[in-house]
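Trainee: I would like to learn how to read a protein model step by step. Could we go through it together?

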Amino acid sequence: MTERDARKEFLRRAKDIDPTVRVGKDGLGEGIYNEITQQLKKRRLIKIKVLNNSEDDVRDVADSIVASTESVAVDVRGGVIVLTDKRSWDSLCQKKF
């Protein structure tokens with residue numbers, strides 16, 4: 001499966017998921033990173049909502065989260081980031097049909 005197909009599959013799965021982490025005016029802190037890491041271990045696919053009162057750009061927030069949590073940003077659209085863990089991403093990309 002190509003990365004494009006894997007991205008489509010994760011977006012299909014994320015369609016029914018609600019954002020579980022919200023980034024507001026306080027920005028990203030150690031607690032946010034820990035929460036994201038715990039949720040990725042538990043769920044493997046999560047959504048993060050960057051609120052309008054946040055001073056950071058959504059793409060910058062996504063890049064920071066990916067670097068700190070060793071995850072993969074599947075999609076960044078509007079104020080929503082879809083993340084998956086690296087293991088799930090690699091597994092789906094290597095799957096052959």
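Trainee: Leaving aside its neighbours within four places in sequence, which residues is Gln 39 in contact with?

Mentor: This is a predicted model, in which local features need pLDDT of at least 70 and side-chain atom pairs count only at pLDDT 80 or more, while totals for chains, interfaces and linings use all residues. Residues are numbered from 1 along each chain as its sequence is written, and side-chain values use heavy atoms, with hydrogens and water left out. Contact means heavy atoms within 4.5 Å, and once neighbours within four places in sequence are set aside, Gln 39 is in contact with Thr 20, Val 21, Arg 44 and Ile 46. Gln 39 itself belongs to helix H2, residues 30-43; helices (H or I, at least four residues) and strands (E, at least two) are DSSP runs, numbered from the N terminus.

Trainee: Which residues touch the most other members of the largest nonpolar core?

Mentor: In soluble globular proteins, nonpolar side chains tend to be buried together. A nonpolar core is a set of buried Ala, Val, Leu, Ile, Met, Phe, Trp, Tyr and Cys residues joined through side-chain atoms within 4.5 Å. The largest one here has 16 residues, and those touching the most other members are Ile 36, Ile 46, Ile 48, Val 50, Ile 65, Ile 81 and Leu 83. At least two residues of this core come from each of strand E1 (21-23), H2, strand E2 (45-50), helix H3 (58-69) and strand E4 (80-85). There is also a second, separate core of 10 residues, including Ala 14 and Cys 93.

Trainee: In what order do the strands form the sheet?

Mentor: Two strands pair if DSSP finds at least two bridges between them. Here four strands form an open sheet with mixed pairing, in the order E1-E2-E4-E3, and its edge strands are E1 and strand E3 (71-77), each of which pairs on one side only. E3 and E4 run antiparallel and are joined by six bridges, with Val 72 standing opposite Thr 84 in E4.

Trainee: Is E3 mostly covered or uncovered?

Mentor: E3 is mostly covered, since five of its seven residues are buried.

Definitions and conventions. Buried means under 20% relative accessible area, exposed over 50%, partly exposed in between (1.4 Å probe, protein chains only).
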